[in-house]
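Trainee: I am new to this structure, and I would like to work through it with you, one question at a time.

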Amino acid sequence: MLSKAFKQARKAVESLYDCTCNITGGKEKIKDPITKETKLVTKVKHKDIKCRISKQSLSKNTQTDTVNQVVYELKLFICPELDINQGDIVEVTNKFGEKETYRAGEGFPYNTHQEVILSKEDKA
């Protein structure tokens, strides 16, 4: 009975997902077949995963003489079984096809979804 309720709740949460994301993190060794050289490249952990983002905090502006630093946090809602580590790079594509890149913070899984804080640092 409880399992059925969790499935229904998860379906309801996932019906709100309006973005997709690619998650990269860690390094893996790749051997070039032509040069036989082994290189460390960033590992693609998950690709084209449905998700949703929500603004966690308002932007904080730090004005200096040369740069206006804009820092804010978002919350990523995504399925709970994915392995997302702090420091992973999350590239989110919204429903309009616009892409933004964020750095993942520590996630917290629930039965129906996982919440991960995303940090965006930009210069205005």
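What follows is a conversation about the pocket, the aromatic rings, a loop residue and the cysteines of this predicted model.

Trainee: How much space lies in the largest pocket?
Mentor: The lining of this pocket includes Asp18, Arg52, Asn94 and Tyr102. The space in the largest pocket comes to about 200 Å³.

Trainee: Which strands each supply at least two residues of that lining?
Mentor: Among the lining residues are Arg52 and Ile53, Val92 and Thr93, and also Glu100 and Tyr102. The strands that each give at least two residues to the lining are β2 (38-55), β5 (89-93) and β6 (99-109).

Trainee: How many residues of the lining are nonpolar, how many polar and how many charged?
Mentor: The lining includes Phe96 and Lys95 as well as Thr93, and Phe counts as nonpolar while Lys counts as charged. Divided in this way, the lining of the largest pocket has five nonpolar, two polar and five charged residues.

Trainee: How are the planes of the aromatic pair arranged, stacked or edge-to-face?
Mentor: The count comes to one aromatic pair. The ring centres of Phe108 and Tyr110 are 5.1 Å apart and their planes stand at 70 degrees, and planes over 60 degrees apart count as edge-to-face. Because the angle is 70 degrees, the pair formed by Phe108 and Tyr110 is edge-to-face.

Trainee: Is Gln86 buried or exposed?
Mentor: Gln86 sits in the loop that runs between β4 (68-78) and β5. Its relative accessibility is 61%, and the cut-off for this class is over 50%. Gln86 is therefore counted as exposed.

Trainee: Which residues does Gln86 touch, leaving aside those up to four places away in sequence?
Mentor: The C-alpha atoms of Gln86 and Ala104 are separated by 5.2 Å, although these residues are 18 residues apart along the chain. With residues up to four places away in sequence not counted, Gln86 touches Ala104, Gly105 and Glu106.

Trainee: How many disulfides does the structure hold?
Mentor: A disulfide needs two cysteine sulfur atoms within 2.5 Å, and the sulfur of Cys51 is 3.9 Å from the closest cysteine sulfur, that of Cys21, so this distance is too far for a bond. Cys79 is in no disulfide either, as the nearest cysteine sulfur, again that of Cys21, is 8.5 Å away. The number of disulfides in the structure is zero.

Trainee: Is Cys79 buried or exposed?
Mentor: The relative accessible area of Cys79 is 12%, and a residue under 20% counts as buried. Cys79 is therefore classed as buried.

Note on methods
Residues numbered from 1 in each chain as written. Predicted model: local features only at pLDDT ≥ 70, side-chain atom pairs only at ≥ 80, totals over all residues. Heavy atoms only, no water. 1 Å grid on protein atoms, 1.4 Å probe; cavity = no way out; pocket = protein on both sides within 12 Å on 5 of 7 lines; lining within 4 Å. Points joined across faces, edges and corners; volume = space filled by probe spheres on them. Helix = DSSP H or I, 4+ residues; strand = E, 2+ residues; numbered from the N terminus. Phe/Tyr/Trp six-rings, centres within 6.5 Å; stacked < 30°, edge-to-face > 60°. Buried < 20%, exposed > 50% of the residue type's maximum accessible area, 1.4 Å probe, protein only. Contact = heavy atoms within 4.5 Å.
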